[in-house]
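Student: Can we go through the side-chain contacts in this one? Put the model up and pick a residue to start with.

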Amino acid sequence: MSRSVAGRGLDPRVAVCVVYVAAMFMNGMDATIVNVALPAIGAEFAVHPSATSAINVGYLVSLAVCIPASGWLGDRFGTKRVFLAAFGTFVAASALCGAAADLTQLTLARVLQGAGGGVMSPVALTMLFRAYPPERRMKLSKVLVLPTAVAPALGPVLGGFFVENLTWRWGFYVNVPVGLAALAFGALCLAEHVEARTKRFDVLGFALAAPGLGLVMYALDALPELGPGQVWAFGAAGLVLLGVLVVAQVRSAQPMLDLRLFGDPSFRRASLVLFMCVAGFLGTLYGFTLMYQTALGASAWETGLVTLPKAVGLMVASQVVGAAHQRLGPRWLLALSMVGAAFSFALMNAVGPGDAWLAAGVQWASGFFVGIASTELQVVAFATISSSATGGASTLFNVQRQVGSALGVAITASVLATVGGGSGQASDLGTYHLAMLVSAGFALVGALIALRVRDSDAQRSSRVRREEAVREAQGQEI
């Protein structure tokens, strides 16, 4: 069942695009804006640099834990209502992050911020994909690439500016006025959509998914502090819970995570490529910004400036991906872009002290290839998904995105802390290089998976989806 109420004089689809970009831009940027501020935060709170990784991983883990419930919440209570509530939580938590008095308070506020973002992300994507049919989504690449790819690249730039000229706290305070304006706009102009008011909440699924994801991510994050036995215990417990979750979700009539969607080849393969892509991308964002400051001696502002070309590369990618899609097809476009991303990640190891231009060029290349891949992946993944299944598919897609992001950051932090001792001195440059190679490895695995994408399936599924969209529109209650 659906119900639409839109602001007068404004196309509801335009309203969806506006709030999607605003909310997801803030969400994506917050995943990385503190990277260049970590040394300043550690110094102010008098903690070891490696301990500050909890600020990022806590945020990303919270995202991953809360995403599973987002699909049910949006379908049951309405996408507009749930989106605004989650966005409001995100904005309020941003203010708490800026006011934190110690590392514990900051980490807890980041967890709350991640909870809001974990619900907000898939619901926003659901609204966007319900508003536009598959054949128009490639044209939406300029909208899609801004919040999902450009924002993480701009985060270090703003973070460096705030650290050098104001304080790291403004990295969070900046969300408040922008967020309040976006909330007011969304409340007035968004259309409401309720898919199923009687949909049952999968208590068992959530009870398994939340601790399962949390334990696995905690084991990765706490690797430097815990002994090998504890790490394996936490990690194994999390994997067991996730294994039971898979069995329970497949057998459930109304699962929280509709894992049957992975039976679709295009959705499954695109989701796996996305997982590898974001793991490498976020791993290098975290690792390179630390390396450029602590091991190569650059300031926070200089680090932000050399990462800015990454955003330029992402925007250039959004302009050319349509033509490349027509010429190469999804399979080769994804495979080649992931190989290019892997090469650019590895090439970050060639950057030395004073190599600002080389650093900027490598960052541009990584942004360009990741931009191509991320835009194409969203088109390929949802080519076969019906409107009624979009909420569940968006949930799964964002689970992959956020778990991959958390995994990339956690593994990079673990490599730096265990192999190099986390001292952050120039003598540890080889440790940073190893972390960059690990991120490149993620991208290469993604390239191998991309070779299994079949262009014919994507083209055939797009035609089927267009026919289904016509049938749904004929029976839709307005």
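Tutor: Start with Arg-169. Leaving out residues up to four places away in sequence, Arg-169 touches Glu-44, Phe-45, Cys-97, Gly-98, Ala-99 and Ala-100. Contact here means heavy atoms within 4.5 Å.

Student: What should I know about the model and the numbering?

Tutor: This is a predicted model: local features need pLDDT of at least 70, side-chain atom pairs count only at pLDDT 80 or more, and totals for chains, interfaces and linings use all residues. Residues are numbered from 1 along each chain as its sequence is written, and side-chain values use heavy atoms, with hydrogens and water left out.

Student: Where does Arg-169 lie?

Tutor: In the loop between α6 and α7. Helices are DSSP runs of H or I with at least four residues, strands are runs of E with at least two, and both are numbered from the N terminus.

Student: Is Arg-169 buried or exposed?

Tutor: Buried, at 16% relative accessibility. The cut-offs are under 20% relative accessible area for buried, over 50% for exposed, and partly exposed in between (1.4 Å probe, protein chains only).

Student: Which side chain does Arg-169 meet in a salt bridge?

Tutor: That of Glu-44, at 2.7 Å, N to O. The rule asks for a side-chain nitrogen of Lys or Arg within 4 Å of a carboxyl oxygen of Asp or Glu. By this rule the count is one salt bridge. Glu-44 is partly exposed, with a relative accessible area of 42%.

Student: What about Ala-100?

Tutor: The Arg-169 side chain reaches the backbone oxygen of Ala-100 at 2.6 Å.

Student: Switching to rings. How many aromatic pairs are there?

Tutor: Eight. Rings of Phe, Tyr and Trp (its six-membered ring) pair if their centres lie within 6.5 Å; planes under 30 degrees apart count as stacked, over 60 as edge-to-face, the rest as tilted. One of the pairs is Phe-45 with Trp-168, edge-to-face, 5.7 Å centre to centre and 80° between the planes. Phe-45 lies in helix α2 and Trp-168 in the loop between α6 and α7, so the pair ties together parts 123 residues apart in sequence. Both Phe-45 and Trp-168 are buried.

Note on methods. Polar contact = N/O pair within 3.5 Å; in protein donor to acceptor, adjacent residues only side chain to side chain.
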